[in-house]
Amino acid sequence: NGLKQYDKAIKSVNKSIEILNKQFGETHYNLISSFTVQGNTHFFMGNYENSVKSYNKALDIFDRTETDLNSYDIYMNRGNAYVKMEEFQEAIKNYSYAIDNLKDRYGNIHPTLANCYYNLAHIYELQEEEHDLVIETLQEAKKCLNYEGIELLNRVNSLDILIDVLIYNGLTYLNILNRDTISLYSSNHFE
């Protein structure tokens, strides 16, 4: 039953990609969300190489499109896939890109920024890096959370909310299977 839901999700997102390509061309900004959802679906199915390919397509369109969207979530998700594939250097690069994008957009205070640092610390730990590097990275994560959450929510603009809604609508079938883990941002995917 679960596999059927994933198959439905893939078919649905593939259809949206087909329609968007026909109607608006290969660089329409909505394709970024569609390929991201496709990558997320592959990730949940355990098809990490395919998820990376989908995230690559999303980032390629992002680079060729004038949009107010931000790519930090795609880099974060692609980093998660690279961790699953044990390609730690690629994961580190992607988390670093996500950190740069988040800082450019939100400054040094944001929960996803903290999660990026946590994920980096986890990779350093897996690679048996120096204990000081792990601790330093975790301290950076903590700094990103020292802010009143309500004020942070007020800083999020309506475009971000709209994009989140579009992405979550595309994850309808995945939501049935993963009600508690709809976001790839969670570090639980590493455990």
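Helices, here and below, are DSSP runs of H or I with at least four residues, numbered from the N terminus. By that convention, Lys-142 is placed in helix α7. The model is a predicted one.

## Overall make-up

The chain contains 10 helices and zero strands, so that its pattern, read along the sequence, is α-α-α-α-α-α-α-α-α-α. Of its 191 residues, 45% count as buried, and the accessible surface of the chain amounts to about 10600 Å², with 47% of that area belonging to carbon and sulfur atoms.

Among the contacts in the chain with a separation of 6 or more, 64% are accounted for by residues 24 or more positions apart.

## Helix α4 and its two partners

Helix α3 (residues 48-64) and α4 have axes that come within 9 Å and cross at roughly 155°; because angles over 145 degrees count as roughly antiparallel, α3 is roughly antiparallel to α4. The crossing of these two helices is left-handed. On the α3 side the residues that meet α4 are Tyr-48, Ser-51, Val-52, Tyr-55, Asn-56, Ala-58 and Leu-59, and their counterparts in α4 are Ile-74, Tyr-75, Asn-77, Arg-78, Ala-81, Tyr-82 and Lys-84. By class, the contact of α3 with α4 comprises nine nonpolar, three polar and two charged residues.

Helix α4 (residues 72-84) also packs against helix α5 (residues 88-106), at an angle of about 160° and with the axes 8 Å apart, and α4 and α5 are therefore roughly antiparallel to each other. The crossing of α4 and α5 is again a left-handed one. From α4 the contact draws on Tyr-72, Tyr-75, Met-76, Arg-78, Gly-79, Asn-80, Tyr-82 and Val-83, while α5 contributes Phe-88, Glu-90, Ala-91, Asn-94, Tyr-95, Tyr-97, Ala-98, Asn-101, Leu-102 and Tyr-106. Sorted by class, the contact of α4 with α5 holds 12 nonpolar, four polar and two charged residues.

## The loop between α4 and α5

Glu-86 has its place in the loop between α4 and α5. Its phi is near 60°, a positive value in a residue other than glycine. With a relative accessible area of 60%, Glu-86 is exposed, because exposed means over 50%.

## Helices α6 and α7

The axes of helix α6 (residues 111-126) and helix α7 (residues 131-143) cross at roughly 170° and come within 8 Å, which makes α6 roughly antiparallel to α7. Ala-114, Tyr-117, Tyr-118, Leu-120, Ala-121, Tyr-124 and Glu-125 of α6 meet Leu-133, Val-134, Thr-137, Leu-138, Glu-140 and Ala-141 of α7. The residues of this contact of α6 with α7 divide into 10 nonpolar, one polar and two charged.

From C-alpha to C-alpha, Lys-142 and Tyr-117 are 8.8 Å apart in space, although 25 residues apart in sequence.

## A residue of helix α1

Ile-19 lies in helix α1 (residues 2-24), and its relative accessibility of 44% makes it count as partly exposed. The C-alpha atoms of Ile-19 and Leu-31 are separated by 9.8 Å, the two residues being 12 residues apart along the chain.

Key. Residues numbered from 1 in each chain as written. Predicted model: local features only at pLDDT ≥ 70, side-chain atom pairs only at ≥ 80, totals over all residues. Heavy atoms only, no water. Axes fitted to C-alpha atoms, helices over the stretch in contact; angles between N-to-C directions. Parallel < 35°, antiparallel > 145°, perpendicular 65-115°, else oblique. Left-handed = near helix turned anticlockwise from the far one by under 90°. Contact = heavy atoms within 4.5 Å. Nonpolar A, V, L, I, M, F, W, Y, C, P; charged D, E, K, R; others polar. Buried < 20%, exposed > 50% of the residue type's maximum accessible area, 1.4 Å probe, protein only. Areas by Shrake-Rupley, 256 points an atom, 1.4 Å probe, with all protein chains shown as cover.
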